[in-house]
Amino acid sequence: GPAEPVWLFAYGSLIWRPELEHVEERMALARGWHRTFCIKMTRWRGTLDRPGLMMGLDHGGQCRGVAYRLPGGDLRERFAKLFRREMTAKPSTYRPRWMKLETAEGPITALGFVVNRSGRTYAGKLDEAAVAKALAGACGHLGSGPDYLYNTVSHLEERGIHDRHLWRLQKLVAERISENG
């Protein structure tokens, strides 16, 4: 019979930089996972002296995001590109896993990248002040922590996803930046 459609769950930068060709998108809810700045970055948007933080999906809560349906055909090649992007560190920062998502059109199963708590880049559970401090001071060749946060928040809002935690972080980051002049 026809192969099942393959979906990919996006919760952060994949929403504004999907990288993969897709033929459909749906708003989706992942229960049991939440987006959180829990990954230390020493390159891209941070440096060794001033590490930045990147978002991951970690256990607990729930997360609204976007599910992309990928076109049929040879997915291996497509995933290879994505895996290279998402899983370069060893042990890997992310683990791919199948997730059950709720959408307005019914439940789907999608591939998601969740944080690997035993990866060396896992920062653990940080409070909002610590996250804001790290983001406010971080910058690398791909841009700054505040930009990454702003891009994520604005693209989520564009799709009607209001993440209160990220809005609070934005406010804290802005306060820190203005304090530091």
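Guide: Start with Gly112, which is buried, with a relative accessible area of 0%. Bear in mind that this is a predicted model.

Visitor: OK. Which strand is Gly112 found in?
Guide: Strand 5, residues 108-115.

Visitor: And what is Gly112 in contact with, leaving aside neighbours within four places in sequence?
Guide: Phe9, Arg95, Pro96, Arg97 and Met99.

Visitor: How far apart are Gly112 and Asn151 in space?
Guide: 20 Å, C-alpha to C-alpha. In sequence they are 39 residues apart.

Visitor: Back to Phe9. Buried or exposed?
Guide: Phe9 is buried, at 1% relative accessible area.

Visitor: Let's talk rings. How many aromatic pairs does a search of the whole structure find?
Guide: Three. One of them joins Phe9 and Tyr11. That pair is tilted, with 6.5 Å centre to centre and 35 degrees between the planes. Tyr11 has 8% relative accessibility, so Tyr11 counts as buried.

Visitor: What about Tyr94 and Phe113? Why is that pair edge-to-face?
Guide: Because the planes sit at 80 degrees, and over 60 counts as edge-to-face. The ring centres of Tyr94 and Phe113 are 6.4 Å apart.

Visitor: Where do those two residues sit?
Guide: Tyr94 is in strand 4 and Phe113 in strand 5. They are 19 residues apart, and the pair links distant parts of the chain. Both Tyr94 and Phe113 are buried.

Visitor: Now Thr93. Where does Thr93 lie?
Guide: In the loop between helix 2 (75-86) and strand 4 (94-102).

Visitor: A loop residue, then. Buried or exposed?
Guide: Thr93 is buried, because its relative accessibility is 8% and the cut-off is under 20%.

Visitor: Which side chain does Thr93 join in a polar contact?
Guide: The side chain of Thr121, at 2.8 Å. Beyond four places in sequence, Thr93 is in contact with Thr121, Ile39, Val114, Val115 and Asn116.

Definitions and conventions:
Residues numbered from 1 in each chain as written. Predicted model: local features only at pLDDT ≥ 70, side-chain atom pairs only at ≥ 80, totals over all residues. Heavy atoms only, no water. Helix = DSSP H or I, 4+ residues; strand = E, 2+ residues; numbered from the N terminus. Buried < 20%, exposed > 50% of the residue type's maximum accessible area, 1.4 Å probe, protein only. Polar contact = N/O pair within 3.5 Å; in protein donor to acceptor, adjacent residues only side chain to side chain. Contact = heavy atoms within 4.5 Å. Phe/Tyr/Trp six-rings, centres within 6.5 Å; stacked < 30°, edge-to-face > 60°.
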